[in-house]
Amino acid sequence: MRMAMTFGFNQVISHGFGLFLFAAMMPMMQSSIEISSWYLAAAGALTQISYLSGAMALGVIGHRIDSGRLLLATGSLTTVLLFTMAWLNDPLVMIGVLTVLAASAAMSWGGIVELTTSYGEEKRTATNLSVSASGTAWGCSLNGLIILLVVPVLGWRSGWIVASVMGLVTLIATMYLLKHLRSQPHLDNIKVTKALSTRELFSIVLRERTAFLSCLMLFLVGCSTMTFSTWLNTFLAQLNLPSALGGYTWSVIGFTGMVAGFFIGKLADKRGHSLALLLIFGAFALGLIAFTYNPAKFVMVAGFGYGLMYFPVWGVVSGWISRRYSSKSTMQINGIGMVTFGMGGALGNLLAGIVNENTGSLLDVFWLIAALSITLFALATYIYATERQVKRPIARAI
């Protein structure tokens with residue numbers, strides 16, 4: 001669990017702070033820096049492109065880099081850039097820093113996947129990865145504490161300094177963890193695993209069942225979750241619902257994500273990855289269907305389903321991939337999966353913008369998101385059914 005928690009705090013720094021702290025503190029920063037809507041749009045687009053670029057680079061060349069050094073490098077870079085944000089006044093320079101942080105975050109998660117599948121217990125792979133992935137939820141919660149407790153007293157610049165100090169502590173803890181992992185005698189017997197060439201990687205993603213389905217799942221997850229998170233508050237405002245309702249919903253999402261990683265990962269390791277996928281996608285679909293039918297009554301139910309699915313799914317899918325492929329190959333395939341996730345999110349937001357512009361309502365968009373969630377549940381049902389069919393002949397032979 002020490003490894004999972006340490007890697008989880010790396011997610012706090014890289015994703016919770018590196019990707020989401022700016023958006024959380026932006027209203028406070030506008031009081032002293034002129035940040036227009038154009039800058040915000042540019043930051044959103046460029047960080048998305050940068051994250052996709054980092055994920056693609058991870059898939060193509062990540063296997064040539066030692067994952068321990070990669071994690072320390074991204075942690076060091078993120079810590080320095082978080083500290084730098086406290087002293088910047090030019091929005092354009094801030095956008096440049098945020099762009100680098102996004103690419104660093106993508107590569108950091110790839111290093112975590114490879115290290116966990118290499119050094120962690122095989123029977124706890126999904127648990128370790130899901131707990132680590134839930135670090136993003138912990139980071140979002142810490143963002144709220146920074147805004148409530150630090151910024152009102154010391155100003156928004158102090159928020160970035162606190163984040164960088166936490167980054168430094170996490171970096172030191174990661175260094176000690178890696179030293180400990182590599183000094184254990186039984187790890188000397190770990191065999192060096194073959195990485196995939198770029199041609200082999202794309203061939204496997206397109207042709208082999210596990211790799212293809214994992215990337216397809218992450219595409220659908222991106223298309224549904226990124227669209228949901230982007231347009232939720234706007235949809236609630238269109239319905240003239242209290243703005244506090246959105247705040248409560250995001251609190252439910254964060255709290256659910258913080259605890260879901262351990263329990264869903266445990267379920268995947270004990271009962272199978274396909275059952276865990278069936279549960280989280282089923283909860284996500286039910287929540288969205290109920291929410292779209294009656295937004296005011298079921299918005300927090302949708303938030304619960306979102307938190308239960310979004311944060312653990314990264315660990316469950318990576319653990320599922322690692323059952324078939326080596327640690328290096330798992331990292332590469334996961335990198336391509338992150339690219340498909342980003343492409344799905346970009347497509348979903350584009351379609352939502354077009355629908356909202358033409359109809360003036362987001363109701364059809366959320367019905368579309370609900371349909372995507374049902375597709376995810378159907379895909380998980382297919383995986384669960386086919387894996388049970390594979391196990392039955394084995395049981396009969398025994």
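## Nonpolar surface patch

Helices here are DSSP runs of H or I with at least four residues, numbered from the N terminus. The structure is a predicted model, in which local features need pLDDT of at least 70 and side-chain atom pairs count only at pLDDT 80 or more, while totals for chains, interfaces and linings use all residues. Residues are numbered from 1 along each chain as its sequence is written, and side-chain values use heavy atoms, with hydrogens and water left out.

The patch consists of Met 1, Met 5, Phe 9, Phe 255, Met 258, Val 259, Phe 262 and Phe 263, which together have about 740 Å² of accessible area. Such areas come from the Shrake-Rupley method with a 1.4 Å probe, and for residues only the protein chains shown count as cover. Patch residues have over 30% relative accessible area and no salt bridge, and nonpolar side chains (Val, Leu, Ile, Met, Phe, Trp, Tyr) are joined within 5 Å. A salt bridge is a side-chain nitrogen of Lys or Arg within 4 Å of a carboxyl oxygen of Asp or Glu.

Helix α11 gives the most to this patch, with five residues. Phe 262 lies in α11 and counts as partly exposed because its relative accessibility is 32%; buried means under 20% relative accessible area, exposed over 50%, and partly exposed in between (1.4 Å probe, protein chains only).

## Covered helices

Helix α6 (residues 125–133) is mostly covered, with nine of its nine residues buried. Among them are Thr 125, Asn 128, Leu 129 and Val 131.

Thr 136 is found in helix α7 (residues 135–154) and counts as buried, at 8% relative accessibility. Leaving aside neighbours within four places in sequence, Thr 136 is in contact (heavy atoms within 4.5 Å) with Gln 11, His 15, Gly 16, Phe 20 and Phe 311.

## Nonpolar cores

A nonpolar core is a set of buried Ala, Val, Leu, Ile, Met, Phe, Trp, Tyr and Cys residues joined through side-chain atoms within 4.5 Å. The largest has 80 residues, of which Met 217, Phe 228, Leu 277, Phe 281, Phe 291, Val 313 and Trp 314 touch the most other members. Apart from this core lies another, of 28 residues, including Val 12 and Val 131.

## Cysteines

The count of disulfides (pairs of cysteine sulfur atoms within 2.5 Å) comes to zero. The sulfur of Cys 215 is 15 Å from the closest cysteine sulfur, in Cys 223, and is therefore too far for a bond. Cys 215 counts as buried, at 5% relative accessibility.

How values were computed
Patch = residues over 30% accessible without salt bridge, like charges linked within 9 Å, V, L, I, M, F, W, Y side chains within 5 Å. Helix = DSSP H or I, 4+ residues; strand = E, 2+ residues; numbered from the N terminus.
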